[in-house]
Amino acid sequence: MFKDRSLPGAKKVIRDYCTKVVDLKYIDRDVLVSMETDIDEISPRMVLIVTGKKSAKENGSYKMLESILTVNSISHFLFDEVEQNPSISTVFKCVEQFQKETSLEKPDLIFAIGGGSPLDCAKAIDFAFCGVRDFTDKDDQPSQPLIPYFCIPTTAGTGSEITPYSILTNPRTKTKFGTAQRLTPTCSYIFPSFLVETPLQITASTVFDAISHLVEAGLTVKATPEVRLEALSGIRLLSPYIPQICAACSAVKSYNEGRCDGLERIKPFLSKLKNESFRLNTLHASSVGGVVISKAGTSLPHGLGYSLTTHLGLSHGVANAATFSKYLAFCCRTLGPQARDFVFDVLDILLRDCVKAGSVPKWKPEDLDKYLINIWFDHPIAVTRAQKEIFVSAALANKGKLAQHGAPVTKADIEEMLFGSGFLKVE
Ligand SMILES: [Fe+2]
């Protein structure tokens with residue numbers, strides 16, 4: 001079992017990775033000054049800003065960047081049409097719109113603002129400007145140097161601000177996939193202030209995405225003792241907030257069901273989410289998640305969750321959560337003692353503040369459902385038999401994710417992970 005003092009600090013994990021491994025500038029202090037300097041170094045004439053439809057405008061991040069560019073007499077083209085789970089066609093739509101409206105072949109700098117969707121989509125847009133046409137083909141590589149890519153994450157969970165990954169959706173097959181091409185950002189800027197108004201449900205879901213990255217990376221075939229320690233340092237950053245997030249979710253649920261008589265009663269729970277140090281810690285935990293999945297990848301919950309997102313509309317974090325405790329139980333059954341110890345360390349760090357002092361149980365993976373994951377599932381989500389077949393077949397066809405688990409995975413194992421917790425129910 002780990003000793004807390006042996007864990008590396010989360011910020012050290014991020015800095016070591018960014019400076020020693022990927023040459024990424026990760027800025028979380030004096031952010032504005034650094035950003036202006038970095039933009040100045042590129043001396044762009046035209047910047048492409050990639051965002052989702054609303055949040056970058058609502059949280060002030062777009063306005064801030066726009067002001068910096070305007071003051072420095074730099075033109076920009078805003079593409080604000082990135083949808084949740086962006087499709088391949090959105091990537092090419094952006095390139096087409098940019099070229100048509102600016103009469104330029106490509107921008108000098110791409111700046112993505114938002115959650116995982118805009119950040120991932122902008123990476124693929126960079127490749128598309130540089131000649132890539134098929135995002136599933138490893139041999140289709142850019143024919144010219146990539147455009148510098150800066151980003152501001154405005155959700156905490158995806159880790160895209162650090163990873164080289166980009167996840168797109170094929171609208172024809174309704175499948176999500178990681179692009180064959182990889183691009184680590186040139187610079188990432190961390191502004192917790194842009195997250196303070198993020199709604200509770202999105203906060204909770206994205207935090208679970210970070211948790212799933214941190215945990216899955218520690219359980220793949222590529223996991224090393226170093227990756228596990230790094231992952232635990234990220235989980236430790238999040239653990240003090242788990243009881244608060246659960247309490248806020250349950251207060252909102254009571255209010256929505258008429259069991260709480262006024263909005264005033266739930267405000268104290270929600271006001272905690274506006275705390276900037278809470279937001280900064282979630283951003284750092286997300287980035288540590290990015291570090292560990294860059295080293296060891298994700299595993300079965302991500303492979304299973306993609307279908308739940310495209311077919312049932314579950315957000316990415318909630319889709320991962322639906323299968324998570326049964327995945328951990330499966331790891332305990334099929335992997336070695338190091339993986340088992342890691343699972344129990346994870347459960348202890350995540351859940352120790354959820355129970356009253358003196359009553360700490362010997363954790364079981366299913367306790368995650370009881371103390372945390374139930375916040376998303378008031379009732380089981382109905383799944384048809386046809387959908388069940390699609391989910392199971394997609395999981396079995398995803399050889400890359402199956403290979404990430406260090407033991408054979410059968411159809412029955414997949415079904416147990418999908419339906420064993422009872423959050424999804426076949427009708
Ligand atoms: Fe994820």
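## Helix packing and domains in a predicted model

Helix α8 crosses α14 in a right-handed sense, a crossing being right-handed if the near helix is turned clockwise from the far one by less than a right angle, and left-handed if anticlockwise. This is a predicted model, in which local features need pLDDT of at least 70 and side-chain atom pairs count only at pLDDT 80 or more, while totals for chains, interfaces and linings use all residues. Residues are numbered from 1 along each chain as its sequence is written.

The helix names used here refer to DSSP runs numbered from the N terminus (H or I over at least four residues for helices, E over at least two for strands). Two packed helices are described by the angle between their axes and the distance between the axes. For α8 (residues 225-238) and α14 (residues 337-351), the axes come within 9 Å and cross at roughly 15 degrees, the axes being lines fitted to C-alpha atoms, for helices over the stretch in contact, with angles running from 0 to 180 degrees between N-to-C directions. The two helices α8 and α14 are therefore roughly parallel, since angles under 35 degrees count as roughly parallel, over 145 as roughly antiparallel, 65 to 115 as roughly perpendicular and the rest as oblique. On the α8 side the contact is made by R228, L232, I235 and R236, and on the α14 side by F342, D345, V346, I349 and L350, where contact requires C-beta atoms, placed from the backbone, to lie within 7 Å. By class, these residues comprise 6 nonpolar, no polar and 3 charged, with Ala, Val, Leu, Ile, Met, Phe, Trp, Tyr, Cys and Pro taken as nonpolar, Asp, Glu, Lys and Arg as charged, and the others, Gly among them, as polar.

A second pair joins α1 (residues 10-22) to α11 (residues 276-296), packed at an angle of about 45 degrees with axes 9 Å apart, and α1 and α11 are therefore oblique to each other. The crossing of α1 past α11 is left-handed. Here A10, K11, V13, I14 and Y17 of α1 meet H284, A285, S287, V288 and V291 of α11, a set of 7 nonpolar, 2 polar and 1 charged residues.

In a further pair, α12 (residues 300-312) packs with α16 (residues 385-397) at about 145 degrees, their axes lying 8 Å apart, and this crossing is right-handed. Its contact draws G303, L304, S307, L308 and H311 from α12 and Q387, I390, F391, A394 and A395 from α16, giving 6 nonpolar, 4 polar and no charged residues.

At the level of domains, an assignment whose bounds come from an automatic or database source gives domain 1 (29-189) and domain 2 (202-426). Their C-alpha centres lie 28 Å apart, and the contact takes 16 residues from domain 1 and 23 residues from domain 2. The side of domain 1 that touches domain 2 divides into 4 nonpolar, 9 polar and 3 charged residues.

Terms used. Contact = placed C-beta atoms within 7 Å.
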